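Dear colleague,

I am passing on the structure we spoke about, together with some notes on what was found in it. Please read the notes with the structure open beside you.

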Amino acid sequence: MAATTPACASAALVPSPGAAAARSRTGRASRLRASVPTMPPVGGAGSSGRARDAPRAAAAASPRSVGISGAPPDLSDASKRALRDEAIAWAAQRGLLVGTDGSDAGSAMCAHLTHAPFAVLPTPFPRDVFDLAADVSPAFAALSDAVSRDDAFLRECLRGVLETDDFTRRVWDVYESCGGQAGRVPVEAGVLRADYMLDAPSGAPLQVEVNTISTSFMALATRVSEMHDHLIRWAPGLEAHYYRGGARPSLDDDSDSDSDSDSDDDGSRSRAKKKTSVPSPLPRNGALALAADTLAAAHRAMGVPDARLLMLVQPGETNVMDQRLISRRLFERHGVRTTRATLKEVADRATIGEDAARLIHLDGASHSVAYFRAGYAPGDYPSEAEWAGRLLIERSGAAKSPSAAMHLAGCKKVQQTLAEPGVLERFVDDAETAAKMRGTFAAMRALDGADAAGAVAEALREPDRWVLKPQREGGGNNLYGADLAAALGAFDGDAKPGEEGNLSGYILMRRIFPPANRTLALRRGETSEMETLSELGVYVGYLRVGEEVVMNECGGHLLRTKAATSDEGGVAAGFAVLDSPLLVDE
Ligand code: ADP
Ligand code: MG
């Protein structure tokens, strides 16, 4: 990053242009919902009056609410200013940045960057809930893989969706036209993220979704954890407030406390396993290392040392540092080089090798692993060229992260079907594990099949207690409250797939009401304090080679914190900020 250039220095204080170009995994919604107010201060203009605002939970009345141990201290305006300045400086020093000017020049690197939107200080989160989410998440990675390998299940489960949802249908066509299960390569790598919200009434972590494609923020989440540790130690009085009892985490044991150093700066997973006698309130975050190490393991499993990794990116991508920090670690630690390309660039310039390995050849190099940071949403396929690129990759002998089958296994329809009685249990032999997984399911209802009318009636009785979800990724697609009621009001049980009133492309999910907190958020150079809700993401690195699962581990996390008045949670979409959990024992 050109940190010293005037352009960049000013960019740090300049709002990104409508976040319009911020189109990482959660970014597409910035186009769809550009008018949604983002992170309003409490009591500010945007904090009330949105038609889509649902009641904000029982949250504030919850026992886990404001005032629990770990709540932020009262800070003077001068302290907040000092924290803001230090946070922006730290972000620049350590790459906690996003681009502001994603150009349309394909995969070309943007040149102007600003700090990522983040919470200045960590948000309290119950330790037992965090531990449970971390514990159960690898089982969900294995489940996604198992589902992806069951053609009959996928076919039956997605039948109604495939008849109504063109995008999912196209992904299915890619899967099927490449031979279905027979067309898959033996190496399947996943950098997954299971997302949870703490259900205030029950105290349980309830699953929002499992992301099997284009999960993001592994690098920036690691940086936010490190920054929080830094700021707590840096600002007078905060260490005593947050690290009571001497339980200071020393995250910089394994990160380069000297930011000029190129040594271990990624929350190394191996060292992350070091235990101190007192449990730390700031859990170590090895998400960046996990992502890079998983992809490197896939590269090794492919057995072509000179081959590169092909990272599929969106044109004009602005979440570039999150991606490039992974590439840097891939190169520094594993000697693996990355080629960045859009799906269109693949369609225009790539070929499949004619030898048995069938690797992807692009710009004079061969690629044994294709890692998708694009391709998860219809907007990523503005023309047939992008589909041709996707098809070429799927057809190749490269390992995919993920394959089309694994992409499909991440559909919300799959999640809803697994939650039906006995279905999850068909895939998970161990009863105890299955029970633990099922314990994280919120109630869900299908909108195809015999029960659809009953589900619609039930949700219409309490529209504020349900979320209506299409088969989409990236934030900004769900319907709540009045919008949900309007959509369900149009339901017609006799409508055929594709006809108006047929809702088989959607699922209903019980709305989760997490506890509220107070957050000092920093976005586009400006701090604001607000009442917030948080969503915990747990990253899992997964690698299967043939029948052997050689890696399935959780090694990092992400907390996304949004204004309590906002329904959606995307960071790049402008709804939320990156955050880290401060674990509290209750
Ligand atoms: P996407 O694939 O677009 O990320 P999600 O299912 O994660 O779809 O929903 C987007 C956001 O909507 C979540 O990050 C969360 O903030 C909110 N959300 C989703 N499901 C629920 C739910 N059941 N209860 C409350 N909020 C939800
Ligand atoms: Mg999500």
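To begin with the sheet near the end of the notes' numbering, strand β13 is joined by three bridges to strand β16 (residues 506-510), and the two run antiparallel; helices (H or I, at least four residues) and strands (E, at least two) are DSSP runs, numbered from the N terminus, and two strands pair if DSSP finds at least two bridges between them. Within this pair, Ala446 stands opposite Ile507 in β16. The open sheet as a whole has four strands in the order β13-β16-β14-β15, with antiparallel pairing. Because β13 (444-446) and β15 (479-480) are at the edges and have a single partner strand each, one side of each is left without a neighbour in the sheet. Helix α19 (residues 452-461) lies across β13, β14 (466-470) and β16, and runs at about 135 degrees to β13; axes are lines fitted to C-alpha atoms, for helices over the stretch in contact, and angles run from 0 to 180 degrees between N-to-C directions.

Please keep in mind that this is a predicted model, in which local features need pLDDT of at least 70 and side-chain atom pairs count only at pLDDT 80 or more, while totals for chains, interfaces and linings use all residues, and side-chain values use heavy atoms, with hydrogens and water left out. Residues are numbered from 1 along each chain as its sequence is written, and chains are lettered from A and ligands numbered from 1 in the order in which they are written.

The chain averages a pLDDT (the predictor's confidence in each residue, from 0 to 100) of 84, and 80% of the residues score at least 70. Over residues 252-264 the pLDDT is below 50, although this stretch has 27 contacts in the model beyond near neighbours in sequence, a contact meaning heavy atoms within 4.5 Å. The pLDDT is also below 50 over residues 270-276, a stretch with ten contacts beyond near neighbours in sequence.

Turning to the helices, α11 (residues 287-302) and α12 (residues 320-334) pack at an angle of about 55 degrees, with their axes 9 Å apart. That makes α11 oblique to α12, since angles under 35 degrees count as roughly parallel, over 145 as roughly antiparallel, 65 to 115 as roughly perpendicular and the rest as oblique. Among the residues that make this contact are Leu288 and Leu295 of α11 and Leu325 and Ile326 of α12. By class, the contact of α11 with α12 divides into nine nonpolar, one polar and three charged residues, where Ala, Val, Leu, Ile, Met, Phe, Trp, Tyr, Cys and Pro count as nonpolar, Asp, Glu, Lys and Arg as charged, and the others, Gly among them, as polar.

Helix α12 also packs with α8, at an angle of about 95 degrees and with the axes 7 Å apart, which makes α8 roughly perpendicular to α12. Here Met218, Ala219, Leu220 and Arg223 in α8 meet Met321, Asp322, Leu325 and Ile326 in α12, a contact with six nonpolar, no polar and two charged residues.

Two backbone details may be worth a look. A cis peptide bond, with omega about 5 degrees, joins Ser401 and Pro402, and Pro402 is in the loop between β12 (399-401) and α15 (404-409). Ser214, in the loop between β6 (205-211) and α8 (218-234), has a phi near 55 degrees, a positive value in a residue other than glycine.
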